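Let's take a walk through this fold together, starting with the overall layout and then stopping at a few individual residues. Have the model open as you read.

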Amino acid sequence: MKIAIVNGSPRKGNTYTAINAFVEGSMEHNDIDIIEANKLSISPCQGCGTCECKNGCIAKDDTNETIDKLVAADMIIFATPVYWWGMTAQLKLVIDKCYCRASLLKNKKVGLIIAGGSPTDSVQYSLINQQFGCIAKYLGWDIIFSKSYYATERTDLSDRPEQLRGIREVGAMIR
Ligand SMILES: Cc1cc2nc3c(=O)[nH]c(=O)nc-3n(C[C@H](O)[C@H](O)[C@H](O)COP(=O)(O)O)c2cc1C
């Protein structure tokens, strides 16, 4: 499968570590492209409607190239730290721009990776999962996994490799 991973974290920390574990598991059987949202120049959606949800964005920045990568993918992994009970602004900019080709983004397989500085029973993980659940329903996406990690300092997750076994196994099952 062609898998696009959108990394919403600006640092090489816990989200990055979880992404790498997924990639280790899945790279043998899949074609993987990691999109670093923080390195992109993507302006906020202006709601102009020119795109008509299919034509792409009029913004002269990285929007169209990025969204076209998602359109071309069979599976999209959205990975984000928790910032203020939600996804990061970097990831939300990409999500908002999905509108510009929304009609071409239907029926994808989707995975979610979330890292936050609170235990996994915190409401923040359900809030993020619910938001993606609504987007998935709207676009006919099939969320095939969602992994949440309680990790605060940059190396917390890499210091606890046993916690990454699950996501590596998920990656290995995808083909
Ligand atoms: C601006 C900002 C807001 C944050 N908000 C939350 C929050 O609402 N809940 C939480 O548990 N952790 C919060 N955190 C902590 C991060 O989610 C946590 O450190 C996470 O491991 C960062 O992921 P990363 O290492 O992949 O960047 C916040 C961190 C920052 C910098």
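Predicted model: local features only at pLDDT ≥ 70, side-chain atom pairs only at ≥ 80, totals over all residues.

Residues are numbered from 1 along each chain as its sequence is written, and side-chain values use heavy atoms, with hydrogens and water left out.

Start with the secondary structure. The protein chain has 5 helices and 5 strands, taken as DSSP runs numbered from the N terminus (helices are H or I, at least four residues; strands are E, at least two). Read from the N terminus, the order is β-α-β-α-β-α-β-α-β-α.

Now zoom out to the overall dimensions. The C-alpha trace spans about 45 × 35 × 30 Å along its principal axes. A compact globule of 175 residues would have a radius of gyration near 16 Å, and the 15 Å of the protein chain agrees with that; the radius is taken over C-alpha atoms, and the globule rule is 2.2 Å times the number of residues to the power 0.38. Of the contacts with a separation of 6 or more, 79% join residues 24 or more positions apart, where contact means heavy atoms within 4.5 Å.

How much of the chain is buried? Buried residues make up 45% of the 175 residues. The cut-offs are under 20% relative accessible area for buried, over 50% for exposed and in between for partly exposed (1.4 Å probe, protein chains only).

On to the inside. In soluble globular proteins, nonpolar side chains tend to be buried together. A nonpolar core here is a set of buried Ala, Val, Leu, Ile, Met, Phe, Trp, Tyr and Cys residues joined through side-chain atoms within 4.5 Å. The largest one has 32 residues, and Val6, Leu70, Phe78 and Phe132 touch the most other members. At least two residues of this core come from each of β1 (2–7), α2 (63–72), β3 (75–81), α3 (89–97), β4 (109–116) and α4 (123–139), with α4 giving the most, 6 residues. Apart from this core lies another of 19 residues, including Ala21, Phe22, Leu157 and Ile174.

Next, find Trp141 in the loop between α4 and β5 (142–150). Trp141 is buried because its relative accessible area is 8%. Leaving out residues up to four places away in sequence, Trp141 touches Phe78, Leu105, Val110 and Ile135, among others.

Contrast that with Trp84, in the loop between β3 and α3. Trp84 is exposed, with a relative accessible area of 78%. Its phi is near 50°, a positive value in a residue other than glycine. Most residues other than glycine have a negative phi. Glu52 also has a phi near 50°; Glu52 sits in the loop between β2 (31–36) and α2 and counts as exposed at 51% relative accessibility.

Finish at helix α5 (residues 165–173), where Arg168 is placed. Arg168 is partly exposed at 29% relative accessible area. Setting aside residues up to four places away, Arg168 touches Ala21, Glu24 and Gly25. Its C-alpha atom is 9.2 Å from that of Ile19, 149 residues apart along the chain.
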